Amino acid sequence: MSTEIDPKKIIAEVSGHDIDQWVRTAAFKPEVEEAGGSVLSQAFICENCNSSPNSYQSIRGHIHQELTGWLFFRKLGADCSRSNISLHGFARLWERSAAECLADFKWLEKYLIARGGRSKPTSIEATTFEWPDNPIEPVGPCKEAFFVEKKLLEDLERLCSLADKSGDAALTDAIQSRFMHKETRHVKSLGDLLRQVVRVSKQPGLGIYLLDRELRDSDGIVPWDCNNETLQRGDDPAEV
Ligand SMILES: [Fe+2]
Ligand SMILES: [Fe+2]
């Protein structure tokens, strides 16, 4: 005996549902998606960037941080391209950092949608940071850049523990596989850069030119970045 299906009935039943709610799993809780609107308006780029608030821990909070970081790195890159400064290797490094922030933002926005969330753009605070050009002083901006990168990593760590607490294994996996490894390496590489910049700045002039030339030769890739790769060639037992 065949069961009669009324197509109109099933169409009416499904079309009345919020499919995003069906896509969402129980672990994808509102606090994982967004920590609350007001926190997003807090200034991100500050003098003491190492004292970061806890409140950014949400996917939208991190999206906001990536966009603010994008604007900050774009500004550094533009400053380094000015004739007064003319540090084109550094300019490429900051342009790469900005492009990475933008790519991470796009990825997270897609991820949010894939989990049944929705995109809610927030205003980005304009950075007030300027690369000093009289005299050209690279330590301050490189320190600022280091802490911007570190704040991104710390925010991801908080997001990861929130995902753990919520039992959202999919989000934990997404953050770990996409971000944790590379951002840890970036923080170390920018820490190394800061040390090198301090080293060559003790006597102004030639040192920063040579460091910039190194960055120019590698098109803005920090030359020692691969040395900070935790998994070296041959370490993987599968390769032996
Ligand atoms: Fe990032
Ligand atoms: Fe990064």
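Analyst: The discussion below takes up helix packing and then the annotated positions. This is a predicted model, in which local features need pLDDT of at least 70, side-chain atom pairs count only at pLDDT 80 or more, and totals for chains, interfaces and linings use all residues. Residues are numbered from 1 along each chain as its sequence is written, while chains are lettered from A and ligands numbered from 1 in the order in which they are written.

User: At what angle do helix 4 and helix 6 pack?

Analyst: Two packed helices are described by the angle between their axes and the distance between the axes. Axes are lines fitted to C-alpha atoms, for helices over the stretch in contact, with angles from 0 to 180 degrees between N-to-C directions. Helices are DSSP runs (H or I, at least four residues), numbered from the N terminus. Here helix 4 (residues 59-81) and helix 6 (residues 139-165) pack at about 165°, their axes being 11 Å apart. The two are therefore roughly antiparallel; angles under 35 degrees count as roughly parallel, over 145 as roughly antiparallel, 65 to 115 as roughly perpendicular and the rest as oblique.

User: Which residues make the contact of helix 4 with helix 6?

Analyst: Residues are in contact if their C-beta atoms, placed from the backbone, lie within 7 Å. Helix 4 contributes His62, Gln65, Glu66, Gly69, Phe72 and Leu76; the residues of helix 6 include Pro141, Val148, Leu152 and Leu159.

User: Where does UniProt place the feature "binding site"?

Analyst: UniProt positions are given in the numbering used here, feature names are shortened, and annotations may be inferred rather than shown by experiment. The unreviewed UniProt entry places this feature at Glu66 and Glu149. They span 84 residues in sequence, yet no two of their C-alpha atoms are more than 9.6 Å apart, so they gather at one spot.

User: Is Glu66 buried or exposed?

Analyst: A residue is buried if 20 or more other C-beta atoms lie within 10 Å of its own, exposed if 12 or fewer, and partly exposed in between. Glu66, in helix 4, is buried, with 22 C-beta neighbours inside 10 Å. Glu149, in helix 6, is also buried, with 23 other C-beta atoms within 10 Å.

User: Which residues does Glu149 touch, not counting residues up to four places away in sequence?

Analyst: On that basis Glu149 touches His186, Val187 and Leu190. Leaving aside neighbours within four places in sequence, Glu66 is in contact with Cys101, Asp104, Phe105, Leu108 and Leu152.

Terms used:
Two residues are in contact if their C-beta atoms, placed from the backbone, lie within 7 Å.
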